[in-house]
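Where in this model is space left open, and how do charged and aromatic side chains pair around its helices? Please keep the structure in view while reading the paragraphs that follow.

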Amino acid sequence: PYNIEQIGDQVASDEARTRSELLREATRMYIERKRRWKGLFGFWRAEAKRGGFKPSEIERAVRRIRGK
């Protein structure tokens with residue numbers, strides 16, 4: 001296992017930041033990423049519903065496109 005505190009301190013030091021600044025930025029990035037994914041899933045869920053697609057049809061199409 002690794003020591004997240006030591007790694008965080010090293011990254012903060014490498015970037016000339018405090019631990020608090022690093023954690024604040026990491027938290028901001030995490031929240032923004034979660035919001036974006038939630039928005040994307042919401043958009044495509046609405047599109048699927050509007051198009052009358054069933055979940056099984058979407059899964060089949062995704063597998064086909066991915067070549068699986």
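The largest pocket has a volume of about 210 Å³, where a pocket is, on a 1 Å grid over the protein atoms alone, an open set of points at which a 1.4 Å probe fits, with protein on both sides within 12 Å along at least five of seven lines, and where the volume is the space filled by probe spheres set on the points. Its lining, meaning residues with an atom within 4 Å of a point, consists of Pro-55, Ile-58, Glu-59, Val-62 and Arg-66. The model is predicted, so local features need pLDDT of at least 70 and side-chain atom pairs count only at pLDDT 80 or more, whereas totals for chains, interfaces and linings use all residues. Residues are numbered from 1 along each chain, and side-chain values use heavy atoms, with hydrogens and water left out.

Helix α3 covers residues 55–66, helices being DSSP runs of H or I with at least four residues, numbered from the N terminus. At 1.5 Å a residue, taken times one less than the number of residues, its 12 residues should span 16 Å, which agrees with the 16 Å between its end C-alpha atoms. After α3 comes Gly-67, with a positive phi near 80 degrees.

Side chains of opposite charge can pair when their charged atoms come close. The structure has 5 salt bridges, each defined as a side-chain nitrogen of Lys or Arg within 4 Å of a carboxyl oxygen of Asp or Glu. In one of them, Asp-9 meets Arg-19 with the closest N and O atoms 2.7 Å apart; Asp-9 lies in helix α1 (residues 4–14) and Arg-19 in helix α2, so this pair ties together parts that are 10 residues apart in sequence. Glu-5, Asp-9 and Arg-19 are linked in a network of salt bridges.

Within helix α2, Arg-28 and Glu-25 form a salt bridge at 2.7 Å, N to O, and these two residues are 3 apart, about one turn of the helix. Glu-47 and Arg-50 are likewise joined, at 2.8 Å, and are also 3 residues apart in α2. Arg-50 counts as exposed at 65% relative accessibility, while Glu-47, at 26%, counts as partly exposed (buried is under 20% relative accessible area, exposed over 50%, and partly exposed in between, with a 1.4 Å probe and protein chains only).

There are 2 aromatic pairs in the structure. The ring centres of Phe-43 and Trp-44 are 4.8 Å apart and their planes stand at 80 degrees, so this pair is edge-to-face (rings of Phe, Tyr and Trp, the last by its six-membered ring, pair if their centres lie within 6.5 Å, and planes over 60 degrees apart count as edge-to-face).

Notes: Phe/Tyr/Trp six-rings, centres within 6.5 Å; stacked < 30°, edge-to-face > 60°.
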